[in-house]
Amino acid sequence: MPAKQSNSQRLSDICKPLSWFFPDLDETSLQLLQKFNILNLLLVYCVPLFYIFYPALLLPAICFRSLSFLISKLWAKMSEANIIRDEDTAEYMGGDDMNFWLQRCSICLDSKFSLFLDSCRDQFCADCFARYIEESVNSSWGLSVKKIHCPVCQECIPQSEWAKFVSPALVEKYNAFNQPYRPFSRFCQDCDTELVACRHENSIRMCRETRFQVIRDMIDRTLDLCASPCLPVTMTTVAMLARFQRDRKSGQSYRNGCVKEMHHYVISGLLACIDTRDQHSCSTCAYFDKQQAHQLAANVSRQFVSMEIVPEYWKSLQFAHIAYFPDVTCTTCDRATCLRCGAFSHPGMTCRENLQFNLSISETSDELDTIKWKFENSRCCPSCSIMIHRDEGCNKVDCSLCGYRFCWACLSAWSEKCGFYQCGYQQDQPASDVALEAKAELGVPDVLTIERRYSTSTTSSNPVN
């Protein structure tokens with residue numbers, strides 16, 4: 001049982017309201033003022049006067065005094081029970097600081113925790129944790145499976161645990177956009193049909209050796225189509241076939257990343273053979289169908305993509321396929337679309353060359369401004385070859401599709417020599433080119449423009465005699 005307060009402590013609590021109005025008085029004077037306060041004196045001497053001269057004010061004066069008496073008693077009771085202060089604030093002001101913070105939510109540090117994670121034992125309130133999960137799910141729109149991490153220790157939270165604190169609709173949204181082997185897709189500009197370069201063949205169960213045999217048969221068909229009595233088999237083609245057979249028998253394809261390496265030298269060799277045959281023309285050679293040979297090489301590339309079983313390596317191999325074969329034909333309108341930039345197919349031109357060509361033939365001013373903005377603020381990712389649009393920021397860019405980190409100025413992998421606002425690899429360029437390439441960040445003064453205007457104004461104000 002808590003000990004009763006002493007009379008002096010009780011008088012001190014009662015005198016607290018008076019100390020707000022009379023901060024310069026000491027405790028003794030405050031107690032005296034509490035005992036003989038001005039209101040009591042006025043009521044004692046004014047009640048007879050009210051009764052004689054103003055009888056109508058007698059009843060309000062008595063009610064006012066009774067109300068003042070009740071408020072003072074209620075204040076004294078609340079001070080004794082210590083309920084006028086907030087419970088959490090009283091605990092913190094009482095001196096137990098560590099216990100106060102150990103019971104707070106780790107996100108807002110204001111409310112008491114209502115849940116803790118089984119994996120890392122970090123604690124949060126239900127509202128803050130639900131908002132954190134919602135923001136994490138809404139930002140997981142890439143091609144990889146985004147894991148939800150603890151905001152304190154960054155440990156991965158299992159889906160079965162965080163799904164208990166959010167709505168079922170949010171869980172369905174996460175499952176829809178966070179699946180392994182998600183293909184990169186664009187939409188046809190004419191009919192809005194989804195265009196996909198390659199999909200993961202979950203339904204086709206084919207062992208690795210059988211798929212190797214299918215790939216070898218497709219390679220032989222492509223080389224037979226490119227064969228000509230006037231063109232001997234090149235050493236590059238022979239070395240490519242020998243390396244393919246060696247890697248196939250040695251089991252190199254089971255190592256992570258080796259399938260992409262095999263895909264690179266096989267597809268490069270086939271495309272080089274197709275280009276060599278296409279450039280050769282004579283009367284004795286049969287007609288060469290380049291489109292059919294190109295389609296066979298694309299099928300070989302898709303078989304390599306289907307061979308990869310690790311989701312991250314499959315995603316990387318998918319973009320390698322798009323880099324070699326960017327055009328996809330729509331099944332609805334039969335129009336080919338470039339997956340790199342999203343425009344219609346432009347064979348023989350890169351995506352930037354196609355933008356420059358459209359810039360020269362554009363008719364309307366709105367279309368001209370749009371194409372001009374794309375041409376000035378778009379570049380292809382050096383890793384996945386997908387065109388990226390960027391209108392502000394520093395030179396350090398992280399591709400949201402493949403995760404490759406590169407310098408926007410020189411398009412090389414990000415290194416210490418690449419500056420955030422001035423790339424070190426462009427120091428050899430003329431000053432005019434560097435000035436045109438540099439661009440100030442949003443909210444940062446454009447120093448180059450200010451210096452240019454200052455020099456112009458100085459020259460105009462001081463003409464040369």
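Here is a short chat about how some labels in this predicted model were assigned.

User: Before we start, what are the ground rules on numbering, pLDDT and atoms?

Analyst: This is a predicted model, where local features need pLDDT of at least 70, side-chain atom pairs count only at pLDDT 80 or more, and totals for chains, interfaces and linings use all residues. Residues are numbered from 1 along each chain as its sequence is written, and side-chain values use heavy atoms, with hydrogens and water left out.

User: What makes a set of residues a nonpolar core, and which members touch the most others in the largest one?

Analyst: The set has to be buried Ala, Val, Leu, Ile, Met, Phe, Trp, Tyr and Cys residues joined through side-chain atoms within 4.5 Å. Buried means under 20% relative accessible area, with exposed over 50% and partly exposed in between (1.4 Å probe, protein chains only). The largest nonpolar core has 51 residues, and V266 and V300 touch the most other members. At least two residues come from each of α11 (208-226), α12 (235-250), α13 (258-279), α14 (290-307) and α15 (311-324). The top contributor is α13, with nine residues. Those element names are DSSP runs numbered from the N terminus: helices are H or I with at least four residues, strands are E with at least two.

User: Which residues is V300 in contact with, leaving aside its neighbours within four places in sequence?

Analyst: Contact means heavy atoms within 4.5 Å. On that basis V300 is in contact with I215, M218, I219, V266, I267 and L270. Another core lies apart from the largest one; it has 18 residues, including C105, F124, V137 and I157.

User: Why are α13 and α14 called roughly antiparallel?

Analyst: Axes are lines fitted to C-alpha atoms, for helices over the stretch in contact, and angles run from 0 to 180 degrees between N-to-C directions. Under 35 degrees counts as roughly parallel, over 145 as roughly antiparallel, 65 to 115 as roughly perpendicular and the rest as oblique. For α13 and α14 the angle is about 175°, with the axes 10 Å apart, so the pair is roughly antiparallel. Among the residues that meet are V266, L270 and D275 in α13, and A297, V300 and F304 in α14. By class, this contact has twelve nonpolar, three polar and three charged residues. Here Ala, Val, Leu, Ile, Met, Phe, Trp, Tyr, Cys and Pro count as nonpolar, Asp, Glu, Lys and Arg as charged, and the others, Gly among them, as polar.
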